Amino acid sequence: MKSLAELQALRDEMKTKIGVRKDGGHRMRVVVGMATCGIAAGARPVFAAFIKEIETRKLTDVVVAQTGCIGICQFEPVVEIYGEGGEKTTYVYVTPEKVPRIVAQHVVNGTPVVEYTIGANAK
Amino acid sequence: MVRSHILVCGGTGCHSSGSDKLYTLFESELAAAGLGDEVKVIKTGCFGLCALGPVVVVYPEGAFYSQVGAEDVKEIVTEHLLKGRLVKRLLYTETVAEDTILSLDSTDFYRKQKRVALQNCGVIDPEDINEYVAYDGYMALAKVLTEMKPEDVVAEILNSGLRGRGGGGFPTGTKWKFAAAQPAGEKYVCCNADEGDPGAFMDRSVLEGDPHCILEAMAIAGYAIGASHGYIYVRAEYPIAVKRLRIAIAQARETGLLGGNILGSGFDFDVDIRLGAGAFVCGEETALLNSIEGRRGDPRPRPPFPAVKGLFGKPTIINNVETLANIPRIILNGADWFAAMGTEKSKGTKVFALGGKINHTGLVEIPMGTTLREIIEEIGGGIPDGKKFKAVQTGGPSGGCIPAQHLDIPVDYDNLTAIGSIMGSGGMIVMDEDNCMVDIAKFFLEFTVDESCGKCTPCRVGIRRMLEILEKITAGQAVPEDLDTLEGLCYFIKENALCGLGQTAPNPVLSTLRYFRDEYDAHVREKRCPAGVCKKLLSYTIDPEKCRGCTLCARNCPTNAISGELKKPHVIDTAKCIKCGACIDSCKFAAIYRR
């Protein structure tokens, strides 16, 4: 390493790798239901897709976590996204293919993907 | 793709309660569960709450698991990491709320703390330079090399009001200014990591948890005074610290953050380690210099001060580990930020190693000006078993005992000196009603007698005479005049010893004489130890009314000093009794008294 710019580049790169260790202060929380029902319905690849998408986009202020059974097993895999104010959006029947759009439209730009939410699917 | 980090404490406290095994167990359990790629296990430095070790923290939830045993690892992996359910029974009770985890900062132990020197301990992997860099590591060095002139750096440290954390409390900036003012040429930066006070482990924890910050600070100091070489003098008894320092130095050299032409600035700086053999006197700065030079660790007379004539006769600054740990943070956040913390004459924070009769044994960092009561009762969680507080010892063998009446003074250098103790390096040992203050003074004096280098007479002979008087007192053989002789010796030695070790050695005696004179009097005049500690003044008797003759005490007595028939009161033969107390512990009827 021979310059300040190189040190800064290394720091910025490493910062994305330690984002999960932040105590609070996350702008958004993506919670994937990972109980038996969720896992059986394919939550694990969905979870992995979220992690990958968040990492590629270097969204250090967003955390992806797992949780137990949310209670609506017929809609699994279920993903809930919590905003800063605690408002919650529930996505159902999530597949890895749907993840990039949810991240781009909701996590980055703040507009929920209505057609994937429970409201649009529970009729 | 990593979604979760498991931080296992690798500090000495948790290490000795088995955290090393946890680390490997987590790796194998994660692999078995197929989570090896998505969950990362990191060994960090000290979290501070050593009493509850081994400590494991799982992110992103921030779940603080305490006293984790090898048998708990599998449960954490399958429940928390695989199924996403917290293992509530292992969570630190204060962080558990109805359905969520409370932040650690909200607990009694952490709420009043402010982590500056310890900011990376328990946060980063100390064996990975990249993690240090991720938390702005080496940015302070980069800042001084690219934006500041050496005199600006000295001015910044001066303005911050930082004072030496090794015990002396000398303004760090002034030290740097003296060395910087010396004519250019060979100069040195030394890090004093010869932490020797009984019960103190602050520096050890910084070295183990954040070694790179010391290297960075030394390089900054080197730039400020015009030195290109540094030495870390660290005790060989700190194997984990030495290992992590070696790794850190190798990584910094490889990355180009130590060595020639750092960050293309033309500034060269490198660091070497020198191992101390554990002599307490080598923590004294001039003895430390002798030891680095390969000589016997004897103190040198001052002046000349090391800033003028130090290592190999060249201008040298010697800073303690904790002092240095503050430097990068001052450079990055500014002198005003640092000076905003603390009291008028003592700025910033101080790390204390809490020990003795206290619930939360561990490492705490508080802003200067926090009261002793806050540290002991709130952060430390008070005294175990409902016992009564008697005194708190600060400053190790150079410090003194502070009684209950002074618990509300704000902690800073000058306040502690005013009440007969010192800030010291940060050992804080809490004592309750079961501690005999004469015995405590004797303990510390035994230590200094052992560690005296023998170069000057007041220390070599004087403190030995003091110890002999204390031995007489605790054996019940002293006369009232002995107390006067003892006190006189204290003042003589304070004035005439060559170095800090001797000059401060009488402090534990002086402060206990000042605040606990009644205990000395009880030993001398009544031949009685009020706390029931000094064995030679104790006698054990069995109350014939209460004794049921169960023979349990007789069977437990190691010297067969107890005799009596079954179902009849027993008696103790005082000639045979070694006063070990085994009989009291075994008696089910509270029939045995110690007086």
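Colleague: Which strands of chain B do the buried residues of α12(B) pack against?

Modeller: In this predicted model, helix α12 (residues 285-292) of chain B has seven of its eight residues buried, so the helix is largely enclosed by the rest of the structure. The buried set consists of B:E285, B:T286, B:A287, B:L288, B:L289, B:S291 and B:I292. The strands they pack against are β5 (188-193), β6 (229-235), β7 (270-276) and β8 (316-320) of chain B.

Colleague: Which residue with a positive phi follows α12(B)?

Modeller: Helix α12 of chain B spans residues 285-292. Beyond the helix comes a residue with phi near 95 degrees, namely B:G294.

Colleague: How are α9(B) and α13(B) oriented to each other?

Modeller: Helix α9 (residues 202-209) and helix α13 (residues 321-333), both of chain B, have axes that come within 8 Å and cross at roughly 45 degrees. Angles under 35 degrees would count as roughly parallel, and 65 to 115 as roughly perpendicular. The two helices α9(B) and α13(B) are therefore oblique.

Colleague: Which residue in β13(B) is the bridge partner of B:V392?

Modeller: Strand β13 (residues 427-432) of chain B is mostly covered, with five of its six residues buried. Strand β11 (residues 389-394) of chain B runs antiparallel to β13(B), and five bridges join the two. Within β13(B), the partner of B:V392 is B:V430.

Colleague: In which sense do β9(B) and β13(B) pair, parallel or antiparallel?

Modeller: B:G355 stands opposite B:I429 in β13(B). Strand β9 (residues 349-356) of chain B and β13(B) share four bridges, and the sense of the pairing is parallel.

Colleague: How far apart do the C-alpha centres of domain 1 and domain 5 of chain B lie?

Modeller: Chain B is divided into domain 1 (4-108), domain 2 (129-338), domain 3 (349-432), domain 4 (437-525) and domain 5 (539-594). Between domain 1 and domain 5 of chain B, the separation of C-alpha centres is 47 Å.

Colleague: Which element gives the most to the side of chain B that touches chain A?

Modeller: The contact takes 28 residues from chain B and 27 residues from chain A. On the side of chain B, the elements giving two or more residues are β1 (4-9), α5 (129-134) and α6 (139-147). The residues on that side divide into twelve nonpolar, ten polar and six charged. With four residues, the element that gives the most is α5(B).

Colleague: What pattern does chain A follow along the sequence?

Modeller: Chain A has five helices and four strands. Its C-alpha atoms fill a box of roughly 60 × 30 × 25 Å along the principal axes. Read along the sequence, the pattern is α-β-α-α-β-β-β-α-α.

Colleague: What percentage of the residues of chain A count as buried?

Modeller: Of the contacts in chain A with a separation of 6 or more, 66% are accounted for by residues 24 or more positions apart. A residue counts as buried if 20 or more other C-beta atoms lie within 10 Å of its own. Among the 123 residues of chain A, the buried share is 37%.

Colleague: Which peptide bond of chain B is cis, with omega about -10 degrees?

Modeller: Most peptide bonds are trans. In chain A, the bond from A:E76 to A:P77 is cis, with omega near -10 degrees, and A:P77 is found in the loop between β2 (62-67) and β3 (79-82). In chain B, B:P54 lies in the loop between β2 (39-44) and β3 (56-59). The cis bond of chain B joins B:G53 and B:P54.

Colleague: Is B:K567 buried or exposed?

Modeller: Phi of B:K567 is positive, near 65 degrees, in a residue other than glycine. The residue B:K567 sits in the loop between β15 (562-563) and β16 (571-572) of chain B. Because 10 other C-beta atoms lie within 10 Å, B:K567 is exposed.

Colleague: How many C-beta neighbours does A:Y93 have inside 10 Å?

Modeller: A:Y93 is a residue other than glycine with a positive phi, near 50 degrees. The loop between β4 (88-91) and α4 (99-108) of chain A holds A:Y93. A:Y93 counts as partly exposed because its number of C-beta neighbours inside 10 Å is 16.

Terms used
Residues are numbered from 1 along each chain as its sequence is written. Chains are lettered from A and ligands numbered from 1 in the order in which they are written. This is a predicted model: local features need pLDDT of at least 70, side-chain atom pairs count only at pLDDT 80 or more; totals for chains, interfaces and linings use all residues. Two residues are in contact if their C-beta atoms, placed from the backbone, lie within 7 Å. Ala, Val, Leu, Ile, Met, Phe, Trp, Tyr, Cys and Pro count as nonpolar, Asp, Glu, Lys and Arg as charged, and the others, Gly among them, as polar. A residue is buried if 20 or more other C-beta atoms lie within 10 Å of its own, exposed if 12 or fewer, and partly exposed in between; C-beta atoms are placed from the backbone. Axes are lines fitted to C-alpha atoms, for helices over the stretch in contact, and angles run from 0 to 180 degrees between N-to-C directions. Angles under 35 degrees count as roughly parallel, over 145 as roughly antiparallel, 65 to 115 as roughly perpendicular and the rest as oblique. Domain bounds come from an automatic or database domain assignment. Two strands pair if DSSP finds at least two bridges between them.
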